[in-house]
Amino acid sequence: MEQNERQLFSLLSEITPLYEAPMREAKARQDALAKPPGSLGLLEDLSVQLAGITGHIKNEVSHTRIYVLAADNGVVCEGVSSAPQSVTRAQAINLTRGLTGASCLAKHFHDGLMVVDMGIALSYTCPEILNRSLGKGTANIAAGPAMTRQTAVQGILTGMELAAQAKRDGIQILGVGEMGIGNTTSSAVLCALSGEPVEAVTGRGGGLTGAAFLKKKQVIEQALTINAPDAHDPIDVLHRVGGFDLCAMTGVFLGAAHERLPVVVDGFISVVAALCAARLRENAGGYFIGSHVSYERGYEIAAQLLGLKPCLQLGMRLGEGSGCPLAFRVVEAACAVMNTMATFPEAAIDDGYLTEIRERDSFTV
């Protein structure tokens, strides 16, 4: 095992489960708030999850950051994308200027957004982009491995360090997005991890014609056949059929768990990276918060494997981390309820009328 891989597994061993005692206290407070039990649904669940992450019953998530990991994919030479590779460079720059879907939302809500170059193929001049490039795009997965195993590990470690930096900067919640033409071929990663057929997990991405969509599925089949990734080893899957962006995203999810930070999963590519992270360290999954149900095929399969409950259903499939600013608001709402809502005694209400409901719900559980 290489030194950087030993370092990675050492860090993974430090990721611990959610704190159980604070979660019980948070649940008890939710049950004591002046409302019918469970009537605020996911907001209640999120407040309990946050208690398990931070160890505090009352939390704040006003300091936010979205990491957008940008990289190109050599497989685009197979005709699997409707957009040219130059779009990765252009949109990475536009993200720093608040001109894309994700960045205009982040700007509107005053969320921090940082673009990280993990492997943009074309040259650019934009000092606002953080350069952590692993190369000028991955190799063509239809012809062989996307990258070396060592490069995949380095990408994961890079993502973990980004999360650690966020913690040092006082960030209280992270979001994870991506930018890269051809990266919906991460369907190959999901196929390998889930055992599902290509047809079940592959969508049209940015919008393909019928012929191009058929070609995309054929290319993914070919990539899986040629590379034969080991489903029991997420690093092997990433190095054979993944992307530089996916590796770093996996690392941010793991790093957030390591730093005990809640982290929002965006759309399809983000949820595939989250699945990679959870397969590397099961404890990490407790720190994940789903943003929206992606319209992209395959999202539901990955979310179910993770046990992820998305906050919103908006028919979105943009990527970029565009669901994160919206999910942050939902998490803020969960904090507001936990922090400021009155309990029955504080509201001068006798909650005896709820006894039967509580007993029924307890019996049902």
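**Entry 1**

I looked up lysine 217 and recorded it as buried, because its relative accessibility is 14%. Buried stands for under 20% relative accessible area, exposed for over 50%, and partly exposed for values in between, with a 1.4 Å probe and protein chains only. The model is a predicted one: local features need pLDDT of at least 70, side-chain atom pairs count only at pLDDT 80 or more, and totals for chains, interfaces and linings use all residues. Residues are numbered from 1 along each chain as its sequence is written, and side-chain values use heavy atoms, with hydrogens and water left out.

I then noted that lysine 217 forms a salt bridge with glutamate 199, with 2.9 Å between the closest N and O atoms. The term requires a side-chain nitrogen of Lys or Arg within 4 Å of a carboxyl oxygen of Asp or Glu. Glutamate 199 belongs to helix 8 (residues 198-201) and lysine 217 to helix 9 (residues 210-227), so the pair ties together parts 18 residues apart in sequence. Helices (H or I, at least four residues) and strands (E, at least two) are DSSP runs numbered from the N terminus. Glutamate 199 has 43% relative accessibility and therefore counts as partly exposed.

**Entry 1: Arginine 329**

I counted 12 salt bridges in the structure. In one of them, arginine 329 meets aspartate 111, the closest N and O atoms being 2.9 Å apart. This pair links distant parts of the chain, 218 residues apart: arginine 329 is in helix 14 (residues 324-340), and aspartate 111 is in the loop between helix 5 (101-108) and strand 2. Both arginine 329 and aspartate 111 are buried; for arginine 329 the relative accessible area is 18%.

Arginine 329 also forms a salt bridge with glutamate 332, at 3.0 Å between the closest N and O atoms. These two residues both lie in helix 14, 3 residues apart, about one turn of the helix.

**Entry 2: Aspartate 117**

I located aspartate 117 in strand 2 (residues 112-119). Which side chain of opposite charge is nearest to aspartate 117? That side chain is lysine 136, 5.6 Å away, and the buried aspartate has no salt bridge. Lys and Arg count here as positive, Asp and Glu as negative, and His and the chain ends are not counted.

The side chain of aspartate 117 does reach the backbone nitrogen of isoleucine 120, at 2.8 Å. I also found a contact at 2.7 Å between the side chains of aspartate 117 and tyrosine 124.

I traced an open sheet of 6 strands, in the order 3-2-1-4-5-6 with parallel pairing. Strands pair if DSSP finds at least two bridges between them. The edge strands, strand 3 (130-131) and strand 6 (288-290), each pair on one side only. Strand 1 (residues 64-71) and strand 2 run parallel and are joined by 7 bridges. Alanine 71 has glycine 119 in strand 2 as its bridge partner.

**Entry 3: Nonpolar cores**

I recorded 76 residues in the largest nonpolar core, where Leu69, Leu174, Phe253, Leu254 and Phe288 have the most contacts inside it. Such a core is a set of buried Ala, Val, Leu, Ile, Met, Phe, Trp, Tyr and Cys residues joined through side-chain atoms within 4.5 Å. Helix 12 (residues 268-280) gives the most to this core, with 11 residues. Another core, of 27 residues, lies apart from it and includes Ala70, Ile93, Ile120 and Ile173.

Technical notes: A polar contact is a pair of N or O atoms within 3.5 Å; within protein, one must be able to donate a hydrogen and the other to accept it, and residues adjacent in sequence count only if both atoms are side-chain atoms.
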